[in-house]
Amino acid sequence: MKIPFGKPILSDRDFKDVVKVLKSGVLVHGRKNNEFENLFRSYTNSKHAISVSSCTAGLFLLYYVLGIKKNDEVIVSSQTHAATALSFCALGAKPVFVDSEKNSGNIDVSKIEKHITKKTKAISIVHYLGFAAEIEKISKIAKKHNLFLIEDCALALGTTVNKKHVGLFGDAGVFSFYPIKHITTAEGGMIITKNSNLAKKLILAKSLGVNKQFADRKIPGIYDVVYPGLNLRMNEISSVLGLNQLKKFDSFKKIREKNYKKYLKIFSKKKEFETVKNYKKNEDWSYYAFPLILNKSSKIERNKLVNHLKKKNIGTSVYYPHPLPRLSYFKKKYKINLGNFLNAKKFSDQTIMLPIGPHINEKKIFHITKEIFSFIRKNK
Ligand SMILES: Cc1ncc(COP(=O)(O)O)c(C=O)c1O
């Protein structure tokens, strides 16, 4: 039995619709893109949804239009994907890393304010594994200090706090549709925002700053450029996939929740493991993966367990292999004291993510957990 960590769930309908788009000859600037953006807007209950070519592209575009530049400082979660920080580092801004909370991978709110200086322009947070960060508190801090707040929602499709979708607490939120995410468009991303001015700039900036979108051009081929934009658009093939996938997302999410609860029942009784404890009462979670934290006292080596499962054809993942300050680029450039990131380090070094997507069922969970327990018995 081969069990991948993540698997795009594509149906015959998806294959047919992709071929239909290809046969139509309209591969960009088409209707499917508008339909996907509209559906995403209504799903998240946001004012604007702007599709982009990836989550990284969307984050970069945001910092670009917000005017983040060389020598600005951006406060950022340390336990996240490199894209959360690289997207503003590419504009010359400096990352100011903040450690995680002890029991969750999310940014420690109590440590944010002491990092704010005259050069700070924005706070950039991730909802780690889709678990909501303390976003209401963070939003208050951002407002108090007049800072932009950007939410990296790459793994947070379906995460709400008091029924409000994450991504809507700050200036904007960005989602990823990479193949192993909750829904996929192959590569792709979506920005949501309630700010119409920002949305206007983003639409210009993602599409070469042209004044008239393709469908609005009265004379074909005639347009003007009014903004220094790039090409970071989503194409029609990705859009039709996104549209179909989003329609099925609620059913995908139910399976994820069911699988998560099965693992939780099994592992909560085992002393070798902890589970992530940042699931709040007012939160509905995206159920991205099952994060298993190996207790240090158990002496189980995480990488050995990962390799054992790999040999048994069981796919797992690590989110993320290093706290950002430990990545060579940041470490060398900013001479960072790694002793300040001990909570983030625990998540990088002691966790293993188990698959819970719609390709997983009870039988597979039984198989995966059986292999984990057999490894533990042999390595005690
Ligand atoms: C938190 C986070 N942000 C950003 C990204 C990058 O997303 P994309 O590949 O769509 O650019 C990822 C990818 O896994 C991620 O986990």
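Predicted model: local features only at pLDDT ≥ 70, side-chain atom pairs only at ≥ 80, totals over all residues.
**View 1. Strands β2 and β3 sit side by side in a parallel pairing.** Strand β2 (residues 73-77) runs parallel to β3, and five bridges join them. Two strands count as paired here if DSSP finds at least two bridges between them. Strands are DSSP E runs of at least two residues, helices are H or I runs of at least four, and both are numbered from the N terminus. Residue numbers start from 1 along each chain as its sequence is written.

**View 2. Zooming out from that pair gives an open sheet of seven strands.** The order is β1-β9-β8-β5-β4-β2-β3, with mixed pairing. The edges belong to β1 (48-52) and β3, each of which pairs on one side only. On average, neighbouring strands of this sheet are turned by 20 degrees against each other, direction ignored.

**View 3. A second open sheet has three strands.** Here the order is β7-β6-β11 and the pairing is antiparallel. β7 (164-165) and β11 (283-284) are at the edges with a single partner strand each, so one side of each has no neighbour in the sheet. Two bridges hold the antiparallel pairing of β6 (residues 160-161) with β7. Across from Val161 you'll find Lys164 in β7.

View 4. The axes of α3 (residues 55-65) and α4 (residues 82-89) come within 8 Å and cross at roughly 40 degrees. Axes are lines fitted to C-alpha atoms, for helices over the stretch in contact, and angles run from 0 to 180 degrees between N-to-C directions. That makes the two helices oblique to each other (under 35 degrees is roughly parallel, over 145 roughly antiparallel, 65 to 115 roughly perpendicular, and the rest oblique). From α3, the contact takes Cys55, Thr56, Leu59, Phe60 and Tyr63, and from α4 it takes Ala83, Thr84, Ser87 and Phe88 (contact: C-beta atoms, placed from the backbone, within 7 Å). By class, this contact has six nonpolar, three polar and no charged residues. Nonpolar covers Ala, Val, Leu, Ile, Met, Phe, Trp, Tyr, Cys and Pro; charged covers Asp, Glu, Lys and Arg; the others, Gly among them, are polar.

**View 5. Helices α1 and α7 pack in a roughly antiparallel way**. α1 (residues 12-24) meets α7 (residues 236-267) at an angle of about 150 degrees, with the axes 9 Å apart. Arg13, Asp14, Asp17, Val18, Val21 and Leu22 in α1 face Glu236, Ile237, Val240, Leu241 and Asn244 in α7. The residues of this contact split into six nonpolar, one polar and four charged.

View 6. The chain is divided into domain 1 (12-246) and domain 2 (250-378), with bounds from an automatic or database domain assignment. Their C-alpha centres lie 26 Å apart. The contact takes 29 residues from domain 1 and 30 residues from domain 2. On the domain 1 side, α4, β3 (94-98) and β6 each supply at least two residues. That side divides into 11 nonpolar, 15 polar and three charged residues.

Definitions and conventions. Contact = placed C-beta atoms within 7 Å.
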